[in-house]
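Here is a short report on one protein chain. Have the sequence and the model open while reading.

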Amino acid sequence: MTIDTIRRREQKTGWILVAPALILLMIVFAYPILRAFWLSLFAQNLGTELKLVFSGFDNYTRMVGDGRFWQSLWNTGVFTTSSVLLELILGMGIALVLNQPFKGRGIVRTISLLPWALPTALMGVAWAWIFNDQYGIINDILIRLGVIKIGINWLGDPTLAMMAVVLADVWKTTPFIALLLLAGLQSISPDLYEAHAIDGATRWQSFRQITLPLLLPQIVIALLFRFAQSFGIFDLIQVMTGGGPAGATETISIYIYSTVMRYLDFGYGAALVVCTFLFLVAAVAIAAYLLSRARAN
C-alpha cells in the first residue's frame, strides 16, 4: 500500500467524520442567509399588507441612497476597530502578566475571566448606571476629585456615548482575548527565552523576535473572532443607549432590528442582513489575507 493510498483513505475518513458537523452548519448558517436573500427580492411591509410582492433588486437600490444605513455602517466600523484594537493591546498585557509565576496565579486567572462570563445584557445595565449623569459612579468620582463641578451626560453626547459603549465592550471581552493569548504563551518553550537572553537580548527584543512571531496564530484567531462579534454587536448597545443619541451609536444590527421589528419592513430588513453578511465576509477575508501575508513575511 503506497503512501498516497494511505493519505487518500485518511482524507476520506476525515471527511466522513466532519460531514455531520458540516451538514449542521449548513442548516444553521447557510439556510437563514439563503432565505434572507430570497426574501430581500420581495417587498413585504405594512404598505403591502405584509404580503410578498416581488420587487427584484429594489431593496438594494433603496439601500444605496439610505443615509441611515451608511451612518450605522460607519458607527459599526468605528466601534469594531476601536474595541478590537484596545482589547488586543490590553489582552496581550494581561496574558503576559498571567503567564508569569506568582503566588495565587490560579485565583487571579479565574477572577480575570468573570467579566467575560457574565451576561452581556446585565453588564450593559450596570454600565448604563455607571455612566448615568445624575447617579453614576464615574461622575461621582470626578466630582469628588474636583475634576468636574457638574455631572457629565456621558450617554447623551454622541462622542462620549460611543466612547462609553466601547469602554464597556472592552471591559467585557478583553478576558477572551487574554485567554486565547495565554494559551499561546504557554505553548512557547522557556528555553527559547533563556537562549536568547544568553545571546544578550533584552526582554523587549525577546518579545518582538520570539513571542510575537510564535503567538501570531493565536492573535489571528482572536482578531477574527472578535471582529465578527463586534461587527454584529447588538445587546450591549441596545441596553446602554438604544442606538442613541440621535443615532450616534446605532450599529447595523440595531438598524436591522428597528427596520424589521419596529417598522415591519421585512423585505428591506432582509436586504440589510444580506449586505451586512457580505460586508462581514469581505472584511474578515481581507483581514485574514493581510495577517497571513504578515506572518509569511
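How many aromatic pairs does the structure hold? The structure, a predicted model, holds 13 aromatic pairs.

## Aromatic pairs

A pair of aromatic rings is described by the distance of the centres and the angle of the planes. Take Phe-42 and Phe-54. Their rings form an edge-to-face pair, 5.5 Å centre to centre, with 80 degrees between the planes. This pair links distant parts of the chain. Phe-42 sits in strand E1 (residues 42-43) and Phe-54 in strand E2 (residues 53-54), 12 residues apart.

Trp-127 and Phe-131 form another aromatic pair. Their rings are stacked, 5.7 Å centre to centre, with 25 degrees between the planes. Trp-127 is buried, and Phe-131 is buried too. Ring pairs also join Trp-127 and Phe-131 with Trp-154 and Trp-171 in a cluster.

## A nonpolar surface patch

Which residues form a nonpolar patch on the surface? They are Trp-15, Leu-17, Val-18, Leu-22, Ile-23, Leu-24, Leu-25, Ile-27, Val-28 and Phe-29. Together they have about 1100 Å² of accessible area.

Leu-25 is one of the patch residues. Leu-25 is found in helix H1, which covers residues 3-40. Its relative accessibility is 43%, so Leu-25 counts as partly exposed. That class lies between the cut-offs of 20% and 50%.

## Helix H3 and its cap

Helix H3 runs over residues 67-98 and has 32 residues. From its first C-alpha to its last, H3 reaches 46 Å. That is close to the 46 Å expected at 1.5 Å a residue.

What caps the N-terminal end of H3? Asp-66 does. A side-chain oxygen of Asp-66 lies 3.1 Å from the backbone nitrogen of Arg-68.

## The chain as a whole

The secondary structure of the protein chain comes to 13 helices and two strands. The C-alpha atoms fill a box of roughly 80 × 75 × 35 Å, taken along the principal axes. The chain has 297 residues, and 36% of them count as buried.

Key: Residues numbered from 1 in each chain as written. Predicted model: local features only at pLDDT ≥ 70, side-chain atom pairs only at ≥ 80, totals over all residues. Heavy atoms only, no water. Helix = DSSP H or I, 4+ residues; strand = E, 2+ residues; numbered from the N terminus. Expected span 1.5 Å × (residues − 1). Polar contact = N/O pair within 3.5 Å; in protein donor to acceptor, adjacent residues only side chain to side chain. Patch = residues over 30% accessible without salt bridge, like charges linked within 9 Å, V, L, I, M, F, W, Y side chains within 5 Å. Areas by Shrake-Rupley, 256 points an atom, 1.4 Å probe, with all protein chains shown as cover. Salt bridge = Lys/Arg side-chain N within 4 Å of Asp/Glu carboxyl O. Buried < 20%, exposed > 50% of the residue type's maximum accessible area, 1.4 Å probe, protein only. Phe/Tyr/Trp six-rings, centres within 6.5 Å; stacked < 30°, edge-to-face > 60°.
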